[in-house]
Amino acid sequence: MDKLKKYLKPVVLFLGTFVFYLLLLLLLNYTGVIKLGSIVKINFVVISVITLLLGVIEGKKTSKKGYLEGLKLGGVVVAILFLLNLLFYRTFNVYILLYYLVIVVSSTIGSMIGINLKR
């Protein structure tokens, strides 16, 4: 149960930030500030940065093997996004696979940076 709580906080933080970000994009889209085509590109960058920052936070908490903590965090985030993707879109293609791979790599690099910042 302790391990579940350890990963629940960053995942809830990720989902909360993600929902706030999506609401902001929705507002900007309806006002005409951002077009729908550019939202996909912005979303890719923002989600990568969010997982990188969450990886840094997790890396600061661990004592060794930061890459492993980043892989775990990235795996949990990708699993949640994969389930949401299957629930709402019901498609899977190479772009989505690369998107998930970037999320895992981003959280792994973030946790390696976080463990080095702690020293």
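What share of the 119 residues in the protein is buried? Buried residues make up 34% of them. The model is predicted.

**Fold**

The protein has four helices and zero strands. Read from the N terminus, the order is α-α-α-α. Along the principal axes, the C-alpha atoms fill a box of roughly 45 × 30 × 25 Å.

Contacts come next. Take those with a separation of 6 or more: 77% of them join residues 24 or more positions apart. The protein exposes about 7,900 Å². Carbon and sulfur atoms supply 76% of that area.

**Nonpolar core**

In soluble globular proteins, nonpolar side chains tend to be buried together. Here the largest nonpolar core has 18 residues. Within this core, F14, I47, V77, L81, Y100 and I103 touch the most other members. Helices α1 (2-31), α2 (36-61), α3 and α4 each supply at least two residues of the core. The largest share, five residues, comes from α4.

Leaving aside residues up to four places away in sequence, L81 touches F14, Y100 and I103.

**Aromatic residues**

The structure holds four aromatic pairs. A pair of aromatic rings is described by the distance of the centres and the angle of the planes. Two of the pairs are listed here; Y100 takes part in both.

| Pair | Geometry | Centre to centre | Angle between planes |
|---|---|---|---|
| F82 and Y100 | edge-to-face | 6.3 Å | 75 degrees |
| Y99 and Y100 | tilted | 6.0 Å | 50 degrees |

Where do F82 and Y100 lie? F82 is in helix α3 (residues 66-88), and Y100 is in helix α4 (residues 94-118), so their pair ties together parts that are 18 residues apart in sequence.

Is Y100 buried or exposed? Y100 is buried, because its relative accessible area is 7% and the cut-off for buried is under 20%. F82 counts as partly exposed, at 30% relative accessibility. In the pair of Y99 and Y100, both residues are buried.

Which residues form the aromatic cluster? F44, F82, Y95, Y99 and Y100 form one cluster.

Notes: Residues are numbered from 1 along each chain as its sequence is written. This is a predicted model: local features need pLDDT of at least 70, side-chain atom pairs count only at pLDDT 80 or more; totals for chains, interfaces and linings use all residues. Side-chain values use heavy atoms; hydrogens and water are left out. Buried means under 20% relative accessible area, exposed over 50%, partly exposed in between (1.4 Å probe, protein chains only). Contact means heavy atoms within 4.5 Å. Accessible areas come from the Shrake-Rupley method with a 1.4 Å probe; for residues, only the protein chains shown count as cover. Rings of Phe, Tyr and Trp (its six-membered ring) pair if their centres lie within 6.5 Å; planes under 30 degrees apart count as stacked, over 60 as edge-to-face and the rest as tilted. A nonpolar core is a set of buried Ala, Val, Leu, Ile, Met, Phe, Trp, Tyr and Cys residues joined through side-chain atoms within 4.5 Å.
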